[in-house]
Amino acid sequence: MPSPPKPHPATKQQPAAEPTHTVPEEAEDHTKTAVPLAIEDWLTVAVMALLALITFTNVIVRYFTDRSFAWTEEISIFLMIVLALVAGSAAVARNRHIRIDYFIGKGSRTRQRTLGQLAAAMVFLLFSLIAVLSSRMVWDHIRFNETSPGIGVPQWWYSLWLPLLSIAIALRALGLLIRQRRGQ
């Protein structure tokens, strides 16, 4: 095995180190929450796998029969909405939700903390409101016996998940707010 090259005496460079394979810092997740984030992670994996299976099945059927399953579009749209809400919950819990960092990143540490807490409180309020209002929508779907346009199942089967996942996001935002107040 050849020895590493020696630096030129005029430069004080060290020889190049062996490349190491590490996970980028931003990809590591050390967020500590009361409810494990693995719940959202595994739900994301399951929904993505189900979406891929449904789409693949529909492509195969369409290729061999020149027809497609009518239910696949309706189920796929529902799963994409669930995926967005579950991923949103994980993003809020990890404090990686969409925001304007220009205002939070500028200024003193106290200002950054205060604006971070304000952002978490606003996310909590927004998704609490969405949960309340969408619960009324679910109740209307049940009360008026609405069915889905594609396959005719009760509409509340789909709409029920909006208030439930909105509550999950609101609780994740509340947990983030509590962690920020504690300085974690």
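Author: In this predicted model, the lining of the second largest pocket divides into three nonpolar, eight polar and four charged residues. The volume of the second largest pocket is about 290 Å³. Its lining is made up of 15 residues, and those closest to the centre are Asn 95, Arg 109, Gln 112, Arg 113 and Gln 180. Helix 4 gives the most, with six residues.

The largest pocket can be set beside this. About 360 Å³ of space lies in the largest pocket. Its lining consists of 18 residues, and Val 35, Glu 40, Ala 168, Leu 171 and Arg 172 lie nearest the centre of that pocket. By class, the lining of the largest pocket holds 11 nonpolar, three polar and four charged residues, whereas the lining of the second largest pocket has three nonpolar, eight polar and four charged.

The elements behind the lining of the largest pocket are as follows. Helix 1 (38-65), helix 2 (71-93) and helix 6 (161-182) each supply at least two residues. Helix 6 gives the most to the lining of the largest pocket, with nine residues, while in the second largest pocket that place is taken by helix 4, with six.

Terms used
Residues numbered from 1 in each chain as written. Predicted model: local features only at pLDDT ≥ 70, side-chain atom pairs only at ≥ 80, totals over all residues. Heavy atoms only, no water. 1 Å grid on protein atoms, 1.4 Å probe; cavity = no way out; pocket = protein on both sides within 12 Å on 5 of 7 lines; lining within 4 Å. Points joined across faces, edges and corners; volume = space filled by probe spheres on them. Helix = DSSP H or I, 4+ residues; strand = E, 2+ residues; numbered from the N terminus. Nonpolar A, V, L, I, M, F, W, Y, C, P; charged D, E, K, R; others polar.
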